[in-house]
Amino acid sequence: MPEHLIAELINGDLYTSPLLPPRHAHAASRLGFLIMAPFDLTRRGPGSWVFLNKPELHWGRDVLVPDIAGWRRERMPRIPDGVGIELPPDWVCEVLSPTTTAHDRARKMPIYLRAGVTHFWLIDPVAQTVEIFRSQSGCWSLRTTLEGEAKARIEPFDAIELDLSVLWQR
(Lines give C-alpha, C1' and ligand atoms only; values in the text may rest on other atoms or scores of the structure.)
Protein backbone atom coordinates (compact mmCIF):
# COMPACT_ATOMS: atom_id res chain seq x y z
CA MET A 1 0.00 0.00 0.00
CA PRO A 2 1.37 3.47 -0.78
CA GLU A 3 2.56 5.34 2.32
CA HIS A 4 0.02 8.14 1.82
CA LEU A 5 -2.92 5.74 2.32
CA ILE A 6 -4.28 3.91 5.34
CA ALA A 7 -5.47 0.41 4.57
CA GLU A 8 -8.18 -1.30 6.60
CA LEU A 9 -9.99 -4.61 6.28
CA ILE A 10 -13.68 -4.64 7.10
CA ASN A 11 -15.37 -8.01 6.91
CA GLY A 12 -12.42 -9.09 4.78
CA ASP A 13 -12.84 -6.25 2.23
CA LEU A 14 -9.99 -3.78 1.69
CA TYR A 15 -10.71 -0.07 2.16
CA THR A 16 -8.17 2.69 1.77
CA SER A 17 -8.30 6.28 2.92
CA PRO A 18 -5.86 9.16 2.76
CA LEU A 19 -3.97 10.40 5.78
CA LEU A 20 -5.71 13.17 7.70
CA PRO A 21 -5.49 16.65 6.18
CA PRO A 22 -3.22 18.96 8.24
CA ARG A 23 -6.09 20.75 10.02
CA HIS A 24 -7.57 17.41 11.08
CA ALA A 25 -4.22 15.93 12.10
CA HIS A 26 -3.61 19.06 14.19
CA ALA A 27 -6.91 18.54 16.07
CA ALA A 28 -6.02 14.88 16.69
CA SER A 29 -2.55 15.82 17.95
CA ARG A 30 -3.94 18.45 20.28
CA LEU A 31 -6.55 16.06 21.66
CA GLY A 32 -3.81 13.53 22.27
CA PHE A 33 -1.85 16.14 24.21
CA LEU A 34 -4.89 17.16 26.28
CA ILE A 35 -5.58 13.65 27.49
CA MET A 36 -2.11 12.05 27.35
CA ALA A 37 -0.46 14.52 29.68
CA PRO A 38 -2.73 13.90 32.69
CA PHE A 39 -3.79 10.31 31.94
CA ASP A 40 -0.67 8.65 30.52
CA LEU A 41 2.50 10.68 30.98
CA THR A 42 2.29 10.96 34.74
CA ARG A 43 1.45 8.21 37.17
CA ARG A 44 0.19 10.86 39.60
CA GLY A 45 -2.57 11.98 37.24
CA PRO A 46 -6.26 11.16 37.47
CA GLY A 47 -6.01 7.96 35.47
CA SER A 48 -3.63 5.37 34.21
CA TRP A 49 -4.00 4.89 30.47
CA VAL A 50 -1.98 3.84 27.43
CA PHE A 51 -2.66 5.87 24.24
CA LEU A 52 -1.58 5.08 20.71
CA ASN A 53 -1.93 7.12 17.54
CA LYS A 54 -2.99 5.10 14.50
CA PRO A 55 -2.73 1.65 16.13
CA GLU A 56 -3.51 -1.35 13.95
CA LEU A 57 -6.33 -3.31 15.58
CA HIS A 58 -6.79 -6.94 14.52
CA TRP A 59 -10.15 -8.62 15.15
CA GLY A 60 -10.79 -11.65 12.94
CA ARG A 61 -11.47 -10.45 9.41
CA ASP A 62 -11.33 -6.83 10.52
CA VAL A 63 -8.20 -4.68 10.68
CA LEU A 64 -8.96 -1.12 11.73
CA VAL A 65 -6.72 1.90 12.24
CA PRO A 66 -8.38 4.52 14.46
CA ASP A 67 -6.90 7.98 14.74
CA ILE A 68 -6.33 7.59 18.50
CA ALA A 69 -7.08 4.70 20.87
CA GLY A 70 -6.68 4.30 24.60
CA TRP A 71 -6.53 1.34 26.97
CA ARG A 72 -6.80 1.46 30.73
CA ARG A 73 -3.38 0.42 31.98
CA GLU A 74 -4.88 -2.36 34.14
CA ARG A 75 -6.13 -3.98 30.91
CA MET A 76 -2.95 -3.29 28.91
CA PRO A 77 -0.05 -3.15 31.38
CA ARG A 78 2.47 -3.51 28.52
CA ILE A 79 2.31 -2.34 24.93
CA PRO A 80 2.38 -5.48 22.78
CA ASP A 81 5.31 -6.20 20.49
CA GLY A 82 4.66 -6.92 16.85
CA VAL A 83 2.08 -5.64 14.43
CA GLY A 84 -1.56 -5.61 15.34
CA ILE A 85 -3.31 -5.39 18.68
CA GLU A 86 -6.11 -7.83 19.43
CA LEU A 87 -7.19 -6.31 22.76
CA PRO A 88 -10.04 -3.85 22.10
CA PRO A 89 -9.36 -0.32 23.34
CA ASP A 90 -11.50 1.16 26.10
CA TRP A 91 -11.74 4.40 24.10
CA VAL A 92 -11.46 5.22 20.39
CA CYS A 93 -11.45 8.59 18.68
CA GLU A 94 -11.92 9.17 14.96
CA VAL A 95 -11.33 12.58 13.41
CA LEU A 96 -13.85 13.12 10.64
CA SER A 97 -12.72 14.48 7.29
CA PRO A 98 -14.65 14.81 4.04
CA THR A 99 -13.16 11.55 2.76
CA THR A 100 -13.61 9.48 5.95
CA THR A 101 -16.89 10.58 7.57
CA ALA A 102 -19.16 7.94 6.00
CA HIS A 103 -16.52 5.22 6.44
CA ASP A 104 -15.98 6.06 10.12
CA ARG A 105 -19.70 6.20 10.90
CA ALA A 106 -21.18 3.43 8.76
CA ARG A 107 -18.40 0.85 8.64
CA LYS A 108 -16.09 1.33 11.61
CA MET A 109 -18.50 2.31 14.42
CA PRO A 110 -20.39 -1.01 14.32
CA ILE A 111 -17.12 -2.95 14.43
CA TYR A 112 -15.86 -0.98 17.42
CA LEU A 113 -19.13 -1.78 19.18
CA ARG A 114 -18.96 -5.48 18.30
CA ALA A 115 -15.32 -5.66 19.45
CA GLY A 116 -16.23 -4.29 22.89
CA VAL A 117 -15.00 -0.68 22.77
CA THR A 118 -16.86 1.19 25.53
CA HIS A 119 -16.21 4.85 24.66
CA PHE A 120 -16.17 6.35 21.16
CA TRP A 121 -15.64 9.96 20.12
CA LEU A 122 -16.08 11.59 16.71
CA ILE A 123 -14.33 14.91 16.20
CA ASP A 124 -15.18 17.23 13.32
CA PRO A 125 -12.60 20.05 13.08
CA VAL A 126 -14.56 21.91 10.39
CA ALA A 127 -17.85 21.96 12.36
CA GLN A 128 -15.84 22.20 15.61
CA THR A 129 -17.86 19.45 17.27
CA VAL A 130 -17.12 16.44 19.44
CA GLU A 131 -19.72 13.67 19.59
CA ILE A 132 -19.44 11.43 22.66
CA PHE A 133 -20.80 7.87 22.45
CA ARG A 134 -20.92 5.10 25.02
CA SER A 135 -21.68 1.44 24.44
CA GLN A 136 -24.93 0.61 26.18
CA SER A 137 -27.02 -2.57 25.83
CA GLY A 138 -25.32 -3.52 22.55
CA CYS A 139 -25.81 -0.11 20.91
CA TRP A 140 -23.99 3.18 20.70
CA SER A 141 -25.70 5.76 22.88
CA LEU A 142 -24.97 9.39 22.02
CA ARG A 143 -24.18 10.95 25.40
CA THR A 144 -23.62 14.51 24.21
CA THR A 145 -22.41 16.69 21.37
CA LEU A 146 -20.12 19.57 22.30
CA GLU A 147 -19.17 22.43 20.04
CA GLY A 148 -16.89 25.37 19.67
CA GLU A 149 -15.11 26.56 22.78
CA ALA A 150 -16.91 24.31 25.25
CA LYS A 151 -15.19 23.29 28.43
CA ALA A 152 -16.47 20.00 29.75
CA ARG A 153 -15.77 16.85 31.72
CA ILE A 154 -16.13 14.13 29.12
CA GLU A 155 -16.23 10.43 29.91
CA PRO A 156 -14.04 8.47 30.27
CA PHE A 157 -11.71 11.41 31.03
CA ASP A 158 -14.16 13.31 33.22
CA ALA A 159 -11.69 13.54 36.11
CA ILE A 160 -10.48 16.76 34.46
CA GLU A 161 -12.12 19.53 32.47
CA LEU A 162 -11.13 19.59 28.80
CA ASP A 163 -10.98 22.89 26.94
CA LEU A 164 -12.14 22.00 23.43
CA SER A 165 -11.11 25.36 22.00
CA VAL A 166 -7.54 24.01 22.00
CA LEU A 167 -8.55 21.52 19.29
CA TRP A 168 -9.57 24.20 16.81
CA GLN A 169 -6.74 26.70 17.30
CA ARG A 170 -4.47 27.11 14.32
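Buried means under 20% relative accessible area, exposed over 50%, and partly exposed in between, with a 1.4 Å probe and protein chains only. This is a predicted model, in which local features need pLDDT of at least 70, side-chain atom pairs count only at pLDDT 80 or more, and totals for chains, interfaces and linings use all residues. Residues are numbered from 1 along each chain as its sequence is written, and side-chain values use heavy atoms, with hydrogens and water left out.

View 1. Leucine 14 sits in strand S2, residues 13-18. Strands (E, at least two residues) and helices (H or I, at least four) are DSSP runs, numbered from the N terminus. Leucine 14 counts as exposed because its relative accessible area is 52%. Met1, Leu9 and Leu14 make a nonpolar surface patch of about 300 Å². Patches are made of residues with over 30% relative accessible area and no salt bridge; like charges are joined within 9 Å, and nonpolar side chains (Val, Leu, Ile, Met, Phe, Trp, Tyr) within 5 Å. Accessible areas come from the Shrake-Rupley method with a 1.4 Å probe; for residues, only the protein chains shown count as cover.

**View 2. Glutamate 8 meets lysine 108.** A salt bridge is a side-chain nitrogen of Lys or Arg within 4 Å of a carboxyl oxygen of Asp or Glu. The structure holds 10 of these salt bridges. One of them joins glutamate 8 to lysine 108, with the closest N and O atoms 2.7 Å apart. This pair links distant parts of the chain: glutamate 8 belongs to strand S1 (residues 5-10), lysine 108 to helix H2 (residues 101-115), and they are 100 residues apart. Both glutamate 8 and lysine 108 are buried. A network of salt bridges links Glu8, Glu94, Asp104 and Lys108.

**View 3. Arginine 114 meets aspartate 62.** Their side chains form a salt bridge of 2.7 Å, N to O. The pair links distant parts of the chain, with arginine 114 in helix H2 and aspartate 62 in strand S5 (residues 62-64), 52 residues apart. Arginine 114 is exposed because its relative accessible area is 54%. Aspartate 62 has 5% relative accessibility, so it counts as buried.

**View 4. Arginine 75 meets aspartate 90.** The salt bridge between these side chains is 2.8 Å, N to O. Arginine 75 and aspartate 90 both lie in the loop between strand S6 (68-72) and strand S7 (91-95), 15 residues apart. At 33% relative accessibility, arginine 75 is partly exposed. Aspartate 90 is buried, at 8%.

**View 5. The bend in helix H2.** H2 bends by about 45° at lysine 108, and proline 110 follows within four residues. The bend is the angle between axes fitted to the seven residues ending at a residue and the seven starting there. The buried residues of H2 include His103, Met109 and Tyr112. Just after H2, glycine 116 takes a positive phi of about 105°.

View 6. Two strands pair if DSSP finds at least two bridges between them. Strand S8 (residues 119-124) runs antiparallel to strand S9 (residues 129-136), with 6 bridges joining them. Histidine 119 faces arginine 134 in S9. The S8 and S9 hairpin has 4 residues between its strands, and glutamine 128 in the turn has a positive phi of about 55°. S9 also pairs with strand S10 (residues 139-147), antiparallel, over 8 bridges.
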